[in-house]
Amino acid sequence: MGNNSSSSQPSVEVLIQAESLRKKARQFHLEAQDASNQSQHEYHHGDKAQAKVLSEKKKTLYNQMNENNAQAAQLIFNHYNKNRPNDEIDLHELYVNEALEYLQTKIDQCRLKSISQLKVITGIGNHSQENIAKIKPKVEQFAHKNKIQMEIYPGHIILNLSTNVHHNKNCIIL
């Protein structure tokens, strides 16, 4: 029989490629911050033309940062989810904002396919700074905000997509 660990842990190649993209994104972020600081300095010292050039450079660098992070997220997401059933999503190793975007897309897909429950694998924070879960509390907040009922377990959440929680006291059904 084959090794099933590939569905729960990304291959070394995917991790290396994704980390390389994340590292480039972090570098673009630092360069963008530097360009922003330089732009502000030039603006306050009267060189508005140079400030504008540096501001445009900052925008370009932030766009490059976002592109690299999106590519890394796509690699990670695809790997963790390539063998998952339609009623399951794994958000491991994604940044919180990325995880929520993928979750919203998956919920929309599930609803189109009339899938009533979605298992959202969030992990327990082992890969987060100080081992504090970041994705799971945000998924819980997302569910509350969108009035989606949920069952919370260690490392995952089951979202009930067939019913939403409605708290409208003014609505009376006869």
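Guide: In this predicted model, I89 touches F77, N81, Y102, L103, K106, L118, K119, V120 and I121, leaving aside residues up to four places away in sequence.

Visitor: What makes these contacts?

Guide: Heavy atoms within 4.5 Å. I89 has such atoms from K106 and L118, among others.

Visitor: How far apart are I89 and V120 in sequence and in space?

Guide: They are 31 residues apart in sequence. C-alpha to C-alpha, the distance is 5.1 Å.

Visitor: Why is I89 called buried?

Guide: Buried means under 20% relative accessible area. I89 has 0%, so the label holds. I89 lies in strand 1.

Visitor: And D90, why is that residue called buried?

Guide: The cut-off is again under 20%. D90 has a relative accessible area of 2%, so D90 is buried. D90 also lies in strand 1, residues 88–90.

Visitor: Which side chains make polar contacts with the side chain of D90?

Guide: The side chain of R84 does, at 3.0 Å. The side chain of H92 does too, at 2.6 Å. The limit is an N or O pair within 3.5 Å. D90 also touches F77, Y80, N81 and I121, among others.

Visitor: How do you know that the span of helix 1 agrees with its length?

Guide: Helix 1 covers residues 12–44, 33 residues in total.

Visitor: What covers the buried residues of helix 1?

Guide: The cover includes helix 2 (48–81) and helix 3 (96–112). Among those buried residues are L21, R22 and F28.

Methods:
Residues numbered from 1 in each chain as written. Predicted model: local features only at pLDDT ≥ 70, side-chain atom pairs only at ≥ 80, totals over all residues. Heavy atoms only, no water. Helix = DSSP H or I, 4+ residues; strand = E, 2+ residues; numbered from the N terminus. Buried < 20%, exposed > 50% of the residue type's maximum accessible area, 1.4 Å probe, protein only. Polar contact = N/O pair within 3.5 Å; in protein donor to acceptor, adjacent residues only side chain to side chain. Expected span 1.5 Å × (residues − 1).
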